[in-house]
Number of protein chains: 2
Amino acid sequence: MKDVVVERKVMARNESVADLNRALFREMGAYTVNLISSPGAGKTSLLEATLRQLQDEEGVRLAVVEGDVQTENDAERLAATGVPVEAIVTGGACHLDAAMVRRATQALCARLSGGIDLLIVENVGNLVCPASYDLGEDEKVSLVSVTEGEDKPLKYPALFHNAATLLVTKTDLLPYLEFDVELLIRNARSVNPRLRIFPVSARTGEGMGAWRDYLLQRARRV
Amino acid sequence: MKDVVVERKVMARNESVADLNRALFREMGAYTVNLISSPGAGKTSLLEATLRQLQDEEGVRLAVVEGDVQTENDAERLAATGVPVEAIVTGGACHLDAAMVRRATQALCARLSGGIDLLIVENVGNLVCPASYDLGEDEKVSLVSVTEGEDKPLKYPALFHNAATLLVTKTDLLPYLEFDVELLIRNARSVNPRLRIFPVSARTGEGMGAWRDYLLQRARRV
């Protein structure tokens with residue numbers, strides 16, 4: 001019982017920092033997405049490919065907040081694209097919280113004079129805990145790779161319920177798998193009928209155009 | 001600060017139930033493994049193939065405790081092998097704890113007159129939180145699929161540090177991927193030099209013999 005009270009307090013505290021983040025993102029004019037998936041679903045590869053597709057577009061200043069339990073490997077890999085990256089190493093914590101993202105965003109603002117139109121947050125690899133933490137983002141983007149099971153949205157409903165978008169990743173591997181994309185989509189829509197869905201391959205670029213165009217629209221507030 | 005105190009109390013309470021579980025497993029004569037991985041690393045397929053390989057072996061009575069956040073789909077799938085399965089639906093919780101496993105094990109004992117030699121617990125799909133929860137098991141078994149990154153042991157060190165065994169799963173997909181198994185093994189051994197490692201494919205059966213033989217030895221206390 002005591003644990004539940006403390007958990008509620010932690011969530012309430014997070015929520016009030018998330019509100020501050022929302023105000024900050026609005027003031028900055030940044031559209032903010034929060035990428036969430038299992039470890040290994042391909043968040044970093046997808047993000048790398050997304051940055052390369054977007055970085056030459058007019059009027060879309062990019063920045064990344066990169067969360068990991070340990071190591072700054074992914075942050076370094078993403079920084080190689082030339083896009084400003086701020087790393088958060090949670091040191092064991094299984095999700096990002098609003099305060100961590102607030103500090104990272106303030107650090108980015110201090111580094112960047114020009115501003116940010118699209119801020120992409122890559123969460124810790126975890127399909128459970130990050131789903132319930134509001135970071136003040138405009139939307140949560142869930143990723144499921146075609147090497148996972150089609151029943152992921154049924155087994156981990158919170159994320160798919162709270163996300164606005166689903167990226168079905170690694171579609172280049174479909175010929176080698178017995179994976180039913182339509183079944184995944186049906187399962188996802190049964191949890192959240194309004195889910196926007198993009199099948200993509202970061203490796204071949206298949207489907208990446210539609211995803212890039214969607215982000216461009218949001219970043220430009222079209 | 002208060003949160004840290006509560007967390008310590010939760011862990012201490014879990015530890016004392018884990019001690020009771022250890023005593024129970026010893027009394028039952030059951031060797032107990034706790035399978036932990038990301039969602040989608042293939043725990044259930046691997047377990048299904050493992051049960052089929054072991055169920056005709058003399059003197060190895062099997063049972064499964066199957067954990068999921070939602071749905072009993074996996075428990076039903078495993079029960080189709082004929083091996084007794086007890087489902088735990090955590091209803092949102094991101095890991096199994098010792099008390100959940102205790103209740104499930106007691107339910108199995110009530111159903112089974114013959115006893116259990118090998119008890120396999122499939123944890124919730126999560127590479128972070130289950131790593132720090134002692135269930136009273138003999139060993140934690142970590143799984144990484146070859147569709148994930150080779151750096152998983154560096155990015156999520158707690159699990160690989162606490163596990164005795166690593167299963168490298170879905171090796172049948174290696175021809176279609178740029179995955180370096182040796183690099184994964186080097187990374188895993190840098191976190192835990194004593195890690196026992198089995199590359200396996202549940203689909204083709206490749207490597208499954210060595211894994212089966214290992215479990216047989218443990219179950220028979222050879």
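B:Ala131 sits in the loop between strand S4 (118–122) and strand S5 of chain B. Helices (H or I, at least four residues) and strands (E, at least two) are DSSP runs, numbered from the N terminus. This is a predicted model, where local features need pLDDT of at least 70, side-chain atom pairs count only at pLDDT 80 or more, and totals for chains, interfaces and linings use all residues. Residues are numbered from 1 along each chain as its sequence is written, chains are lettered from A and ligands numbered from 1 in the order in which they are written, and side-chain values use heavy atoms, with hydrogens and water left out.

Buried means under 20% relative accessible area, exposed means over 50%, and partly exposed is in between (1.4 Å probe, protein chains only). B:Ala131 is buried, at 2% relative accessible area. Its C-alpha atom is 6.1 Å from that of B:Ala158, which is 27 residues away along the chain. Contact means heavy atoms within 4.5 Å. Leaving out residues up to four places away in sequence, B:Ala131 touches B:Ile36, B:Lys140, B:Ala158, B:Leu159 and B:Asn162.

B:Lys140 belongs to strand S5 of chain B. B:Lys140 is buried too, with a relative accessible area of 10%. Its side chain makes a polar contact of 2.8 Å with the side chain of B:Glu137. A polar contact is a pair of N or O atoms within 3.5 Å; within protein, one must be able to donate a hydrogen and the other to accept it, and residues adjacent in sequence count only if both atoms are side-chain atoms.

**Helix H7 of chain B**

Helix H7 spans residues 181–191 of chain B, and its buried residues include B:Val181, B:Leu184, B:Ile185, B:Asn187 and B:Ala188. Why are they on the same side of H7(B)? They cover an arc of only 160° around the axis, so they share one side. That arc is taken from the directions from the helix axis to the C-beta atoms. The face turned away carries the exposed residues B:Glu182, B:Arg186 and B:Ser190. Cover for the buried residues includes strand S5 (139–145), helix H5 (152–155), strand S6 (165–169) and strand S7 (196–199) of chain B. B:Asp180 caps the N-terminal end, with a side-chain oxygen 3.1 Å from the backbone nitrogen of B:Glu182.

**Core and cavity**

A nonpolar core is a set of buried Ala, Val, Leu, Ile, Met, Phe, Trp, Tyr and Cys residues joined through side-chain atoms within 4.5 Å. The largest one has 83 residues. A:Leu96, A:Leu166, B:Leu96 and B:Leu166 have the most contacts inside it. Helix H7 of chain A gives the most to this core, with five residues.

The whole structure holds one cavity of 30 Å³ or more. On a 1 Å grid over the protein atoms alone, a cavity is a set of points where a 1.4 Å probe fits but cannot get out; lining residues have an atom within 4 Å of a point. The largest cavity has a volume of about 40 Å³. Both chains line it; among the lining residues are A:Pro39, A:Gly40, B:Pro39 and B:Gly40.

A:Thr71 is in the loop between strand S2 (62–68) and helix H3 (73–79) of chain A. A:Lys170 is in the loop between strand S6 (165–169) and H7 of chain A.

Definitions and conventions. On a 1 Å grid over the protein atoms alone, a cavity is a set of points where a 1.4 Å probe fits but cannot get out, and a pocket is an open set with protein on both sides within 12 Å along at least five of seven lines; lining residues have an atom within 4 Å of a point. Grid points are joined across faces, edges and corners, and a volume is the space filled by probe spheres set on the points.
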